There are 2 protein chains.
Amino acid sequence: MSACEFESLEKSLESHLPEPELTEVKRILFGKETKKLDLPPCAVEAASERDFELKGYRFEATQEQLRPARKIRVGLIQHHVVLPTDAPVIDQINGMHNRIGEMVEVAAMCGVNIVCFQETWTMPFAFCTREKEPWTEFAESAEEGNTTRFCQELAKKYNMVVVSPILEREELHNTLWNTAVVISNSGNVLGKSRKNHIPRIGDFNESTYYMEGDTGHTVFQTQFGKIAVNICYGRHHPLNWFMYSMNGAEIIFNPSATVGALSEPMWPIEARNAAIANHCFTCAINRVGTENFKNEFTSGDGKKAHHDFGHFYGSSYVAAPDGSRTPGLSRTRDGLLVVEMDLNLNRQLSDKWSFKMTGRYAEYAEELTKAVRHDFKPNIVKE
Amino acid sequence: MSACEFESLEKSLESHLPEPELTEVKRILFGKETKKLDLPPCAVEAASERDFELKGYRFEATQEQLRPARKIRVGLIQHHVVLPTDAPVIDQINGMHNRIGEMVEVAAMCGVNIVCFQETWTMPFAFCTREKEPWTEFAESAEEGNTTRFCQELAKKYNMVVVSPILEREELHNTLWNTAVVISNSGNVLGKSRKNHIPRIGDFNESTYYMEGDTGHTVFQTQFGKIAVNICYGRHHPLNWFMYSMNGAEIIFNPSATVGALSEPMWPIEARNAAIANHCFTCAINRVGTENFKNEFTSGDGKKAHHDFGHFYGSSYVAAPDGSRTPGLSRTRDGLLVVEMDLNLNRQLSDKWSFKMTGRYAEYAEELTKAVRHDFKPNIVKE
């Protein structure tokens with residue numbers, strides 16, 4: 001399937017639309033133009049040798065009188081699984097570590113301060129199978145697992161904050177969680193953020209494996225800014241983004257795994273809406289490729305049993321609080337998106353649009369408290 | 001300015017992109033294809049004679065076993081002001097009544113059941129001037145004003161629900177409000193919905209004229225479905241859409257007045273995100289054209305005093321709960337968008353995606369109640 005997949009919306013528009021229409025179309029679709037970032041030739045060369053796409057953009061802010069600019073760089077990484085899904089578990093994990101290692105090295109060349117990987121990045125997205133074995137073997141301790149140790153080494157080596165979304169096993173209770181581990185650029189585990197909303201749709205049988213997260217809306221204060229992690233299906237829930245923002249998040253990462261037939265037209269909408277509504281940056285990351293599983297499974301849609309989940313369409317992007325966004329990475333290739341942002345833009349947009357002040361949140365708190373009661377009487381007027 | 005305005009995104013894509021790329025681009029941008037609706041030739045001819053764009057589309061749903069289809073048609077109307085803004089107030093209002101009258105007649109030919117006009121449709125969007133006179137003279141009683149009476153006649157004549165957003169004067173207290181009057185197809189005033197969120201941005205000096213609405217999140221049960229009205233700037237507030245949905249809204253109208261330089265890249269995002277997140281239909285309506293005012297005014301942006309607000313870019317559209325949307329009306333012309341929708345689609349999408357069940361609203365009610373306190377302690381983890 002991958003071979004004939006459409007590569008990217010942006011490429012198609014740029015190939016066919018003449019000026020000045022292209023400029024108007026891009027303005028309406030993507031907002032104020034996001035300028036390209038000059039990346040070092042060694043990084044460009046390494047990305048090419050290692051066969052992944054490398055793109056860089058920057059969002060600027062107005063220079064203020066009292067605050068210096070707060071320019072930082074984030075890196076978003078999307079990738080295929082490296083080995084067949086029936087290879088030994090340890091080989092699959094090691095293969096992913098190697099791949100991420102060589103991509104993060106390029107991120108370091110590009111001056112990335114905070115890197116985020118895709119959802120459950122060490123494994124195939126095998127929850128479609130509803131098989132517990134061998135997939136639960138991919139689960140690791142958030143604090144002491146091999147993958148966390150691997151990321152701690154990367155963080156120290158490159159002075160980089162690492163957001164590492166994994167399948168977590170809490171060993172004390174033998175519970176599984178879908179969790180992002182946040183590792184400081186010092187190499188210390190700063191904490192973890194568990195997936196708040198768990199899908200029950202299509203092949204996303206994750207509710208068979210783990211429950212709704214219990215870490216609330218934690219924000220991590222790093223040296224490079226306050227960050228939060230809204231994992232995958234949480235992007236469909238505006239309240240989830242909102243509550244991270246209410247806790248002070250300046251950048252909200254959305255590591256995901258989602259397929260074209262289900263969600264693709266929603267992908268450019270949701271993270272971007274969240275950036276606008278919450279005056280913050282959002283970073284949407286999706287895996288790429290089609291993953292094949294040895295045993296066939298059905299999808300609850302009346303169709304024949306089959307061996308894959310469909311095509312994960314990549315298209316990772318960053319959205320800014322001013323309604324603009326970067327182009328997406330490819331729908332088909334591994335990629336690293338490097339984005340420089342001046343975090344002062346958040347407060348500038350908040351001062352401009354004032355959604356936090358005009359939001360009437362105290363009234364919503366009261367209304368919502370009433371609305372969640374089983375005996376809630378909705379406000380419906382009839383003739 | 002209007003003369004050189006770009007006409008529409010959709011037209012540009014269709015003119016230049018070859019197949020099969022056009023199909024892929026449209027799928028990613030707009031979701032599942034929205035089929036064209038056959039409109040009666042008399043309507044097409046009347047629209048052409050009366051010089052406005054007429055477009056029709058339909059959203060389908062799966063035929064269920066136990067529920068019959070619930071197909072209804074909504075009409076969205078966008079238009080210029082008819083007379084110069086310094087014409088006598090009564091002439092301006094009458095001119096608008098005439099224009100809307102001839103457009104609604106075409107909506108009736110197209111079988112529209114519920115029609116919605118643009119924000120404060122009887123007047124220029126004069127709040128940029130910060131002058132009270134003569135603009136406050138456009139304000140009318142929601143229950144007994146001439147415009148409401150005019151709409152009641154339309155409603156009875158065409159058996160059509162009319163959503164009429166006006167500048168309201170509550171005569172008892174001499175207070176002004178930005179209000180949508182909802183008139184049943186029987187001709188009775190069903191109620192009113194006041195604008196919940198008032199902007200303080202750019203030339204949107206509405207907070208000089210009226211306060212935040214006090215009608216909460218009322219939903220109107222009409223013969224054709226449960227509807228709500230989220231006026232203009234409320235579309236930037238996800239909680240506003242959400243609370244209308246929590247009260248049972250199946251269609252949420254968003255009558256607006258907004259200009260290109262400020263909001264255009266956000267326009268295709270916000271109402272569409274709301275349709276997805278809330279499993280309902282949303283209808284975004286924006287006025288068209290550039291309105292000139294006799295007295296110059298400044299815009300708080302360091303630029304010279306000037307006489308217009310900028311170009312209102314039209315582009316009215318309907319978004320469906322499955323992530324798809326209609327193309328937009330023109331950026332430059334008056335228009336009527338007729339959309340047939342099977343309201344069964346809402347529940348079908350809710351059963352598929354289950355956001356209301358996976359939303360954890362009780363926990364958000366608690367978190368939000370804490371977060372709105374002045375002494376709220378955000379959940380921030382530091383090293």
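UniProt, in an unreviewed entry, places the feature "domain: CN hydrolase" at residues 72-343 of chain A. UniProt positions are given here in the numbering used for this model, feature names are shortened, and annotations may be inferred rather than shown by experiment. The end C-alpha atoms of that span lie 8 Å apart, and the span is 22% helix and 31% strand. Helices (H or I, at least four residues) and strands (E, at least two) are DSSP runs, numbered from the N terminus.

Some housekeeping. This is a predicted model, where local features need pLDDT of at least 70, side-chain atom pairs count only at pLDDT 80 or more, and totals for chains, interfaces and linings use all residues. Residues are numbered from 1 along each chain as its sequence is written, chains are lettered from A and ligands numbered from 1 in the order in which they are written, and side-chain values use heavy atoms, with hydrogens and water left out.

Now the two copies. Chain A superposes on chain B by a rotation of 180° with 0.0 Å of shift along its axis, at an RMSD of 0.0 Å. The two copies are therefore related as by a two-fold rotation axis. The same surface serves both, since 100% of the contact residues of chain A recur in chain B. The superposition is by least squares on the C-alpha atoms of residues with pLDDT of at least 70 in both, and contact means heavy atoms within 4.5 Å.

Next, strand 8 of chain A, residues 219-222. Which strand of chain B does it pair with? Strand 16, residues 380-381, in the parallel sense over two bridges. There, Phe220(A) has Val381(B) as its bridge partner. Within chain A, strand 8 also pairs with strand 9, residues 225-229, in the antiparallel sense over three bridges. A hairpin of two residues joins them, and Gln221(A) stands opposite Lys226(A). Pairing requires that DSSP finds at least two bridges between the strands.

On to cysteines. How many disulfides are there over all chains? Cys42(A) is partly exposed, at 44% relative accessible area. For Cys232(B), the closest cysteine sulfur is in Cys116(B), 12 Å away, also too far for a bond. Cys232(B) is buried, at 4%. Buried means under 20% relative accessible area, exposed over 50%, partly exposed in between (1.4 Å probe, protein chains only).

Conventions. Disulfide = S-S within 2.5 Å.
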